[in-house]
Amino acid sequence: MKLLKQDKPNIRSYYGDGYDIVDVDLSVIDHLGSYILQENFSDSPLHPGISQPDWDADYTNITKEFYEAQQKYIDILKPLVEKENYFDYWRTLRGPFDELIVSINKMDKGSKMDWHWDGFDGSMLQLMLYVNLEERTREDGGFLEVGVSYEPMINQDDPFPHWSPETGLNKVTGHVMSKCSYVPKNDKAIILNNDNPLYVHRVTECKTDKPRYSVLLQCGYKTLWDGNSLKNNGGQYKDPRTGMITKLNL
Ligand SMILES: [Fe+2]
């Protein structure tokens with residue numbers, strides 16, 4: 001059975017606008033949903049109204065227990081990236097993704113996420129899936145927007161894109177041109193280009209009592225993942241020029 005309907009990515013959309021959309025078989029979403037409904041979600045202290053399963057962790061804090069806890073989701077999602085024709089382009093040119101990290105977000109009424117880029121972990125690509133218990137409409141809010149950040153460097157001598165010493169890494173400022181405003185649907189997966197820091201995304205305010213569940217799969221390569229100095233330094237970057245320490249602020 002084909003789990004992803006399209007046999008190849010839309011290269012123009014993925015590399016030109018930062019995302020692609022692919023049809024996903026609903027058996028995948030039903031399977032994910034059966035696990036998600038058993039999870040115990042706890043609030044994220046920095047983001048009111050956004051919660052994650054108890055085992056979920058930032059990529060700077062991945063433990064053996066995290067890998068064990070995410071495994072049941074990996075068992076569902078790995079066949080998509082390993083076997084479906086859609087991913088053949090990356091598999092053939094770069095080799096199979098060998099670092100897969102799952103996170104699950106539950107967003108309640110009033111919550112939102114500002115523009116950000118998820119590539120600080122060294123991931124190549126992100127698969128986003130939605131588990132709506134009830135169908136969402138535009139009135140429900142909680143759209144996924146993908147945009148292009150035209151000023152990724154905040155100051156001329158910044159060492160990283162979206163670098164803000166005052167507030168932490170990953171502060172998107174300046175003009176962002178929105179490329180899509182998308183109502184999450186169970187039968188569509190979004191593929192985000194995490195390799196290009198110009199491509200940022202956000203979630204607009206959720207305006208309904210319907211919880212918004214998303215399952216995110218960061219896809220990358222173990223060598224890049226293990227070599228990421230931010231991860232190996234607890235999400236801190238020490239500027240070699242000044243010695244100043246800046247934290248990630250996700
Ligand atoms: Fe994100």
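Tutor: Met113 stands opposite Val203, which lies in β12. This is a predicted model, in which local features need pLDDT of at least 70 and side-chain atom pairs count only at pLDDT 80 or more, while totals for chains, interfaces and linings use all residues. Residues are numbered from 1 along each chain as its sequence is written.

Student: How many bridges pair β5 with β12?

Tutor: In general, two strands pair if DSSP finds at least two bridges between them, and strands are DSSP runs of E with at least two residues, numbered from the N terminus. Here β5 and β12 pair in the antiparallel sense over two bridges. Strand β7 (residues 144-149) is joined to β12 (residues 199-203) by five bridges, again antiparallel, and Val148 has Tyr199 of β12 as its bridge partner.

Student: What is the order of the strands in the open sheet?

Tutor: The four strands follow the order β5-β12-β7-β10, with antiparallel pairing. Because β5 (113-116) and β10 (176-182) each have a single partner strand, they stand at the edges, and one side of each is left without a neighbour in the sheet.

Student: Is Val172 buried or exposed?

Tutor: A residue is buried if 20 or more other C-beta atoms lie within 10 Å of its own, exposed if 12 or fewer, and partly exposed in between, with C-beta atoms placed from the backbone. Val172 has 21 C-beta neighbours inside 10 Å and therefore counts as buried; its place is in the loop between β9 (168-169) and β10. As for β12, four of its five residues are buried.

Student: Which residues does Val172 contact, leaving aside neighbours within four places in sequence?

Tutor: Contact requires that the C-beta atoms of two residues, placed from the backbone, lie within 7 Å. On that basis Val172 is in contact with Trp115, His116, Trp117, Ser149, His162 and Val200.

Student: Which residues have the most contacts inside the largest nonpolar core?

Tutor: A nonpolar core is a set of buried Ala, Val, Leu, Ile, Met, Phe, Trp, Tyr and Cys residues joined through C-beta atoms within 7 Å. The largest one here has 46 residues, and those with the most contacts inside it are Leu32, Leu129, Ala189, Ile191, Leu192 and Val215.
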